[in-house]
Structures are given as C-alpha cells and as structure tokens.
Amino acid sequence: MLALLPAGYSAASPPPVFVRDGRLVIVDAAAPRTVTPRDRATRDGEACPPVDAYWGALADGRLVVTFRPQTSPDSAADPEPHCSTHSPGSRAALVNPDGTLDAELGTGVLRAFPSPAGSTVALVSTDRNLSLWRDGSQTTITAPGRISNAGWSPDGRFLAVSAYPPDWSEGAVSSARTTAEFLRLQNADLHLFDTTRMAFVGQLTSDPGTEYGPFFSPDGRSIFYVWLHATEDRGGLMRLDLDRDGGTSATAPATPLTRAGNDAGETPLGRVGTYVWRRSGTQLAFEAGRPDGSGEIWAMSADGRGAVRIAAGRKPQATGDAGVVFLDEKGVPQTVVPEVRR
Amino acid sequence: MNGFMRTATAAAVISSAWLPAPLCGAPAQAPPPFGWPFATPTYNITAAFDLDPAAGVMADWTGWRTGEATAGSAHAYDGHSGHDFGMVTGTNLYATAAGTVYALRESVPNDDHSDTGNYLILDHKAATGTAVGGRDFRTRFWHLSQNGVVPASTGVAVTKGALVAQSDNTGNSTGPHLHYAVSLLPGDSQTCAFYHAWWENDEFYTIDGRPCVVYVDTGSGVLNCREGASTSYNIITTLPANSRLVATQRNAWWRVVLPLPPATAREARTAAGAIAAGYSETGSWADSPSKSAVADGSGDANRVVLSGTGSRASTFAAAGDAADAATFAFTAPNQRGLYDIYATWPADANAAGVTYRVTDSNGTSDFVVDQRGNAAGAGTGAKATPYIIARNPYVAAHTTVGAPDEWASYSPQGSGLPENGPENLYRFDLRTTSTVTVTVDHAGYPTKDIDIHLLNAPAPTACIQRADWTLTAPDLAPGTYYVACDSYGSGAAGDAAATAYTLTVAFSDNQPFPDSWVRIGQFSFAPGAGASVQVRESSVTGRVDASAPARVVADAIKIVPRITRRTGWISDTIATRINTASTPVTSVVIRTDATANGDSDTMDAFAEVPIFANSGTGTSNPSAIVGKAVTGQRFVCTARSGDWYQVWLTNGTAATQGWILGDHLVGYHTDLLSGVDDWAMY
C-alpha cells in the first residue's frame, strides 16, 4: 500500500496519519496500519462514528480527531445544498494509536489545533468560540472576535488566531443586507494569545481584508498567513516577522511571499491548515484546490519562490526532514521528495 | 393533503394525451430588466430570499411566512439575503445586466470552508450607463470557484449575459450552489432576486418537483382573488364566472395571473387637486421641524399653502438651511404594482437639478431631475396652438413673417391702433400671483414694428395691456394668459412691418409650468403602506435668495399606477377545474415514477429518463442517447413531434437539444409571457 519511504524519514517523528473512509491510516514505517476508533468503555468496543478529520498528535502519541457530525433531522429532510446557518458540530476526542477512544475533548467542535508540545489542544467551536483543552479540563477564552483558525508557536506558548468581527456568524454573512456589511464581515485580523498569561497580548494585523490561516516558522520568529484583499483580486501568502522580545508584535509590515492565482508568476493558495514545513524551515509544502474539489500538492521555498506542483493529492504531511507524504487521488498514501526550483 | 399527494393528483390529470398539438416554442417576452445568472433556468432554489428583513420573521418570494406555510413549503430562512440555486461545481454564471465590477475575490481554494469564500459584486449604475430600469443596482455572486471570476479587476465593464464566473462551494456552504442577491443603490438595500420581471418568472423554477403552470376554469361561481395565499389577505378582485387563468399551484392555493387589460393611468391627484379614490394622505406637504426656526427674508407674500388639507408653507428661502425639507407623505393604495411618480417645480434656473428623496417598498433613493421646463416650448404660434411659455425667463426668437394674419385690432386695451400685420400667439399658466414683464426687441424700426399685447383669453378682445417695446403687469393673479406679438400698421404697411424678433417674458415669482412636470421614476409600494416623496432644500441647484425664493407648490406630486399585469391567489376550490386542453408548451417537468412504465417499483423515482438525439416513433427510438433526466428536472421545450418533446440540455457551457418521450412528462409550462409589455412588481 505504501510507497517507499524516503531517506530522512525519522521513525522518532510522529507518524503521518490520514483519514480514509472514516478510519485512521497510520503511516508508520515499522507497522503501517489502518485503525477504526472504538469506545473501549463499552463491553465490545463499540465503533465510534466515522472519523471526519485528524488534527495532530499529542506528545504521548494520542491522536486528536473529530468525528463526522451527527445528521440532524432537519438536514435529512432538506438535503439540498444551501448556505448553512448552523455548521454541524463534531465530537472531538483523543484516540490511542491502537484505535481505542481515550478521552472526549468536547462537542460542537469545528476545528482542533494540538500544540507542538502535545500538551494542549485549541478548540474552535461551530459558533467560532475558542477554548483550550489541557489535562482533561477545558477553558473558554474571551477572544476579540469570532475565531476561524489558529496556529501554535513552536514552543507552545503563543497561539496566533484569525478573528472575524464579534458579531460574525454564518447566518450574519448570508443575511448581510448591504455590501458594506458583507465586506465588514469578511474582515479577519490576526491576534496573538499568550498561554502563560492566558490573555491576548497583541493584534498583529488590521487590514480591512481577510487574514487567516496563521502558522509559525520553525524558529518561532515569523508568522505566515494568507491575506486576501477585500474588494480586489489581490492576495497571497504573507510573512510577518515578530520582535525578539517576547514575540508579541510585528517588527515591520508583512512581506508578501506569493501572489495568489494560477497565471504566470502566481502561486495557488493552499487550503487552510495544509501548509507543512520541510528541510528545517527552508521549504513549504501545501495543498491547493482544484475546480472539482480535489487537491494538488505543491512545494516552494519559504521565501515564496520556486513553487512547483508535485502531484494530485491531498493532506500533505512532513516526513521528518525531507519528504512529503500525502493521499493520492485514490486515497493511497504516497511519499515524495519535492524538488523546489530556485 | 400534502404537497406530494397534490403532485400526484395533478400528474394524473395532465397526461401527454392532453398536451397540445402545436409545436411549442421558447418563451416570447419583453426583455426583462435582469437576465438569468445561468444559461438555462433549470436550477432549484434551495433557499430563497427572505422578503421580510425583520429578525425572526421570514417570508419567501411567494409570500409564505413563518408559521403560515405547511411543512416543506417555506423556501427561505430568516434573514437570507439572496436566492440560493443548487448547481454543480463549475457551472458558468453570467452577468444579469450590464455593469462594472465593484469587488471580486477568487483565490480561496475550491471546497475550502474556512469562513470566507470567493465572490463577485457588480454595479449597475447610471453613472456608467448601466442602470437597470432607470435605477442603480448591485448584484452579488457568492461561493464562486477558485480562479473562477472572469473579469480581471474592479472597474472592468461587463455586458449583460457575459460569462463572469463559475460556481463552487467556497465559504460558508454545505454544498455547491450560487448565492445570488440584488440590492438597490445608493442605500444598497436588499431586494428580491426576482425584481421586476423575475418576480413574474418564478414559475420556471422547480421547487420540489411539483407541476407548475396550468390553465384553470373558475367554473360558474365567482372567485375571490387575494393578495396572498390565505383568507387573511385582502381581496384584490373577484373573478367572474368561467374565467380562464394561468395558475401556479401552491399547496391549497393557486397563484394566478390576472387577465386584466392594460391599466388606465389613474392619478393619485385629480385635476382639481383632490385625492383620488384608493389613495389617502397621512399629511399634507409638511416642513421639517427646523424650518420654523428659519427666518424667511422674502416675507409671507412668498409663502404658499401646499395643499388643500394643510396649512403649512414652505419656501426654502433661507440659504444654507440644509436640513430643510418638504415631505409629501401618503398611504399607498391597496393595490400592488408599479407606480410612476411625477413632480413639478417652479421653473427657474434653480430647477436644473432638484433632488427628490423617494421612499418605497425597496427603500429610499434620491433622484435628480431637471425641471426648468422646455426652453423652446411647444406650439406653433397659431391661435389654436400658441407657443407655450414654460421657463423663467422665457426667451424666444421668432418672426411674424409668414405668421397667421387674423387679428387686426385689440380691445379694450390698445383700441384703435392698427395691427393689420401677421402675428404670433403665446400662452402661459400662472400658478401663483406674479409680476410679469414682457419685452420685444427687433431691428428695422419704424419700417419693421412688432407690438406686444397681454391677453387673459385667446381673443383680441381680451387685451388687458399693450406696449410698443415692453410692458409690466404687476401682481398678475393666477390663471391662463396670452401674449400676442403683432405687426403694426394699416393695410399693406402692417404686412411690411413683419420681421424677426426676440420675445422675453420674465416672472417675479417662479412658476411650476406644465412642462416642468417630470417623471421621477417608477416605484413599488406595499399595499396600504406609508410612502413619501421629499424635496430637500440642500438639493436645489444654485440655491435661492430672499428675492427669488424657490419653493414647492401645492399638488406638486402625481402618482400614477402602471399596471398591465399582476398576480393574485385563489383558493383550492378550483383544483378540480384544471383546463388541460389548450395553450402551447414552453417547458416540461420530467417524471420517472411508476406510471411511466406500468410497474410499481419505488426505485423508479430514482431512475433516469433517456434523452435521445432524434424524435422517435411511438415509444420506439433508435437514435443515440445524448442525455438523461430525473424526476422533477425541468427543461425548456422547443418543439414537439408526436409524443416526443424536444428539450434544451445544458452541460454548463453549451446548450444542445434532445428528445424525451411524452410519457415521462408530469407537467408543463405555458407561454406565460407573450404579449406582455410591462410588468407588475411587488
């Protein structure tokens, strides 16, 4: 099933994990396997609902997953697609590498972000509230707006989040009666949360456009994020360098790394959460979308140059220091060492 | 009886055997203000616009409200700002009107739901020559495909029907669809996507696969036709016995297109200034509160009582009083539809740009109109068709050479003076007391000689003042007056005195001349709702001073219904009187259920109907299969051959055609739109 793992793959690193057909595919060089999460609290290990997404692993190897949302009676009666006013909430949980369910993180979870140290999980709920799960307890964070997504600093101290206006909601967007109101609700800015102080310590961006999908550089001194202009066809991947004294504010305006698009000199945007680091922070891989909803794996230098399409596929994850493992169009994990053009 | 059962009932009634023999054609219609955002109208509305913006209250585009509809019939959700059309990813989308790009976003990856998506916003504004129906609009397309926006940047012009985007599922969306919204500028107030003609056109959409449009006979009884699908709605009219109507079934009610003849214009104000039947005023012209605190340097003589029912006055005499305004508030008649609003204004230089702020069911908009009147004026100078003086000052260059020579003397003023030469006649209508100065100027005196005569009737015996060069008539009372420019002299000398001249007529009190009546625009009012027209002092070009105050005048607003077509609702009692024996077919609805092939396999509901390249014979068709259809799918029908129906297909990029066996038709559309030259609007 697996292609040959590339040189540089570290068995000590957390193995890449994918979701396929509601189950977890653990790409372990020693023992690649597929596991079905099950509840060991029940006598026969009752199967959990199908896994919807895998978000990362804790330090002890437990996997952070969300299960597929339970279908509501309303959605069953109205299967037509439409602007959702209520995102289906998921159940987030920790699953042991053998598939047994270890602990519930919460319900109504939209996205989960385990910290690099593997001790804390940031949870974004369907109504875009932020909470931190740590050692079995969950703390709700008062945020400056509605949280969309987040990224941890390498040391696990800071959490960069993208926040929409406090009155943002899915219903508010689809019910915006004026263009100004609609555009106002598209305004997401980056904020920095300090877990040692348990407080937001700075607003990193204030552009009227949309800044989202933040992730830190491996050295923790820069935040990368996606920026989209509010009304014009401009945007791309940005880098914001932080000051060296605590890293709570920007030292200079953000540097545009790519121009989003498919034309010459442009680079497609990656889906949020798919940017992964390669080669100790000198290169990135990411998943770009295709018109049919499938994905493409791309790689580029950390300065935004040399972007190259690697293959059709989804969910790229780093394999140690060199390669990228991803799901191909048939859902089979594949590995590759991208050659970034310079 | 629920909706599904009703569908089955109608299906049993409308079989292919009753479909008409004539070939069916594409809908013939007057060009609607907005086109379709997609190639063919075959997409389901999966969530409709909420007509009622109030929180917690929902009304879909058919009028169904929260708690009023039966299960499954409320096709909107609270606050929804547009229509959602379910469609596959990558469907081509088109500009519904000419316009320019206001905003776009196209970089969000497909199938990415990270709280923002791709969108395109188009402006349709008079400033760029792309206003729709004389008003500025904005249309929005949401959830678009990555790199799926065609215009490259903001400000790019697009033509109506131009490919502008491709659909997708980006942003807050649970499935591929287009969110299409229309709003009225400058307030950007949201309005239904079925604005104007679209409102009448919704029959083209499949809601839940129900049959759509049929003819019904009202039978021998008289039927009440109501504003909405409930007895709680007002009765619009009563339908006479044996009326034949086009109807759209909607649970226990039928929406019908009323066969009214083209409406006769009916003004809210009669010629005498009275309020016409069906209208009411909640107040007369009323000043803003700030007006009372403003000193009017021109004195009470220049004030005008603005209506027969009120006692307030407004003269806009104080410069810089930007907040000053006069408002004509009224209650709209209990009749849906479009209304023209006309306004008049004292025809002076200040009237070059008068702004009216109109509030109707679509919100509040400002309209700037030129009300200086017709500079040239109408008429020929003859007695039956005098030149019309319609501007202050009125300056005209005419000649008596070749003019009619009918009047030779005047009385009681000017009696005994020979005016045997040809003459021109002018007319003006004074609405307010005014001092009028008339001056004539020409060359060649005394050989050439034009005299002026002021008349209070179109007869030489009605002369109230005359002069060789200039006359001033102080404080002339309101009424109709005439000016005759006649060639002076006896016999042939009078003829020889004819010459070219310049006539100037000035009024000390600016007049709302007939030609200053200007149509502000076309509006819609909710039945019985409050509406208003407001003139704002700050809008008057050039402002005024105390010596020449501009002002609104009594009866300065006319509201005229423009309804040639409308719809209403009649109750379920006509359901058994469906007339299926006539009318051309313009679109068909597909059925794949058991009655199509005689078995009772419920899985047939999910089966597909083949669409062939050519028509067949009987039920046999050896030609290639070019497409498939499923239950509830709707196609535009373009031709018929025997029991085979030619339909338009679409793959999102180009339309082709194919043939479907009539056994699979569960309903059809008639040609609703032919012969319609105007549209009612809710």
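In which order do the four strands of the open sheet that includes E13 of chain A stand? The legend to Figure 1 has the reply, and a few notes on conventions come before it. This is a predicted model, in which local features need pLDDT of at least 70 and side-chain atom pairs count only at pLDDT 80 or more, while totals for chains, interfaces and linings use all residues. Residues are numbered from 1 along each chain as its sequence is written, chains are lettered from A and ligands numbered from 1 in the order in which they are written, and side-chain values use heavy atoms, with hydrogens and water left out.

**Figure 1. An open sheet of four strands in chain A.** The order is E13-E14-E15-E16 (chain A), and the pairing is antiparallel. Strands (E, at least two residues) and helices (H or I, at least four) are DSSP runs numbered from the N terminus, and two strands pair if DSSP finds at least two bridges between them. E13 and strand E16 (199–203) of chain A are the edge strands with a single partner strand each, so one side of each has no neighbour in the sheet. From one strand to the next, the twist averages 35 degrees (axes are lines fitted to C-alpha atoms, and angles run from 0 to 180 degrees between N-to-C directions). Take a look at strand E15 (residues 189–194) of chain A, which pairs with E16(A) in the antiparallel sense over four bridges. Here Leu192(A) has Gly202(A) in E16(A) as its bridge partner.

**Figure 2. An open sheet of three strands in chain A.** The strands follow the order E1-E2-E3 (chain A), with antiparallel pairing. Strand E1 (17–20) and strand E3 (33–35) of chain A are at the edges with a single partner strand each, so one side of each is without a neighbour in the sheet. The twist from one strand to the next averages 30 degrees. Four bridges link E1(A) with strand E2 (residues 23–26) of chain A in the antiparallel sense; Val17(A) can be found opposite Ile26(A) in E2(A).

**Figure 3. Where chain A meets chain B.** In contact (heavy atoms within 4.5 Å) are 46 residues of chain A and 53 residues of chain B. About 3700 Å² is buried between the two chains, with carbon and sulfur atoms giving 48%; buried area is the accessible area (1.4 Å probe) that two parts lose on being put together, summed over both. Between chain A and chain B the count is zero salt bridges (a side-chain nitrogen of Lys or Arg within 4 Å of a carboxyl oxygen of Asp or Glu). Strand E13 (146–152), helix H2 (170–174), helix H3 (179–185) and strand E17 (210–216) of chain A each supply at least two residues of the side that touches chain B. H3(A) gives the largest share of that side, four residues.

Figure 4. Glu181(A) and Arg184(A) form a salt bridge, with their closest N and O atoms 3.1 Å apart. These two residues are about one helical turn from each other because they are three residues apart in helix H3 of chain A.

**Figure 5. Two cis peptide bonds in chain B.** One joins Ser411(B) and Pro412(B), with omega about 0 degrees. Pro412(B) is in the loop between strand E23 (394–399) and strand E24 (423–430) of chain B. Another joins Tyr445(B) and Pro446(B), where omega is about 10 degrees. For Pro446(B), the loop is that between strand E25 (434–441) and strand E26 (450–455) of chain B.
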